[in-house]
Amino acid sequence: MENPVTEYAEGIEKIFSPHKDKEQGQKMADYMKNNFPFIGIPAVPRRNLQKPWIDSLNKNLDPGLRWELIHLLWLNEEREYHQATIDWMMSWKKDTYKAGD
């Protein structure tokens, strides 16, 4: 069986990749002074696409594996993966993490 962390990382890549828009991605990168490459998915559609993925993570992923997934997702160059990771972290209930997390 594949590592669940790898499965979830590949899952968001599969969700985002059909929506890749090079032209929009370049506009987004230009707006951010070319500090980051982008897939080209604006915020509202990205949030709609990632919602089932986040819900599944919160329901099924062992909390002990969260930081492993965060590090793996942050290895992606495109900013949308970082934004999805931040949105997921913001969805955590306060009683599910400690001050040291």
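Student: Which helix do Lys51 and Asp55 both lie in, and how many residues apart are they?

Tutor: Lys51 and Asp55 both sit in helix α3, four residues apart, or about one turn of the helix. Helices here are DSSP runs (H or I, at least four residues; strands are E, at least two), numbered from the N terminus. One thing before we go on: this is a predicted model, in which local features need pLDDT of at least 70 and side-chain atom pairs count only at pLDDT 80 or more, while totals for chains, interfaces and linings use all residues. Residues are numbered from 1 along each chain as its sequence is written, and side-chain values use heavy atoms, with hydrogens and water left out.

Student: Good to know. What does Lys51 form with Asp55?

Tutor: A salt bridge, with the closest N and O atoms 2.9 Å apart. The term stands for a side-chain nitrogen of Lys or Arg within 4 Å of a carboxyl oxygen of Asp or Glu.

Student: How many salt bridges does the structure hold?

Tutor: Four.

Student: Back to that pair: how exposed are Lys51 and Asp55?

Tutor: Lys51 is partly exposed at 49% relative accessibility, and Asp55 is partly exposed too, at 38%. The cut-offs are under 20% relative accessible area for buried, over 50% for exposed, and in between for partly exposed (1.4 Å probe, protein chains only).

Student: And which residues do salt bridges that share partners join into one network?

Tutor: Arg46, Arg47 and Asp87.

Student: How far apart are the closest N and O atoms of Arg47 and Asp87?

Tutor: They are 3.7 Å apart in that salt bridge. Arg47 belongs to helix α3 and Asp87 to helix α5, so the pair ties together parts that are 40 residues apart in sequence. Arg47 itself is partly exposed, with a relative accessible area of 42%.

Student: What about Lys27, which residue does it form a salt bridge with?

Tutor: Its partner is Glu23, and their closest N and O atoms are 3.8 Å apart. Both residues lie in helix α2 (residues 22–31), four residues apart, which is about one turn of the helix. Lys27 is partly exposed at 48% relative accessible area, whereas Glu23 is exposed at 58%.

Student: Let's switch to the helices. At what angle do the axes of α3 and α5 cross?

Tutor: Roughly 50°, and these axes come within 10 Å of each other. That makes α3 oblique to α5. Angles under 35 degrees count as roughly parallel, over 145 as roughly antiparallel, 65 to 115 as roughly perpendicular, and the rest as oblique.

Student: Parallel or antiparallel, how do α1 and α3 run?

Tutor: They are roughly antiparallel to each other. The axes of helix α1 (residues 4–16) and helix α3 (residues 43–60) come within 10 Å and cross at roughly 160°. Each axis is a line fitted to C-alpha atoms, for helices over the stretch in contact, and angles run from 0 to 180 degrees between N-to-C directions.

Student: How far apart are the axes of α1 and α4?

Tutor: They are 9 Å apart, and α1 packs against helix α4 (residues 66–74) at an angle of about 40°. So α1 is oblique to α4.

Student: Where is Lys33, and where is Asn34?

Tutor: Lys33 is in the loop between α2 and α3, and Asn34 is in the loop between α2 and α3 as well. Lys33 is exposed, with a relative accessible area of 66%, and Asn34 is exposed at 52%.

Student: Last one, how far apart in space are Gln83 and Lys93?

Tutor: They are 18 Å apart, C-alpha to C-alpha, and ten residues apart in sequence. Gln83 is found in helix α5 and is partly exposed at 23% relative accessibility. Ile86 is also placed in helix α5 (residues 79–90), and is partly exposed with a relative accessible area of 37%.
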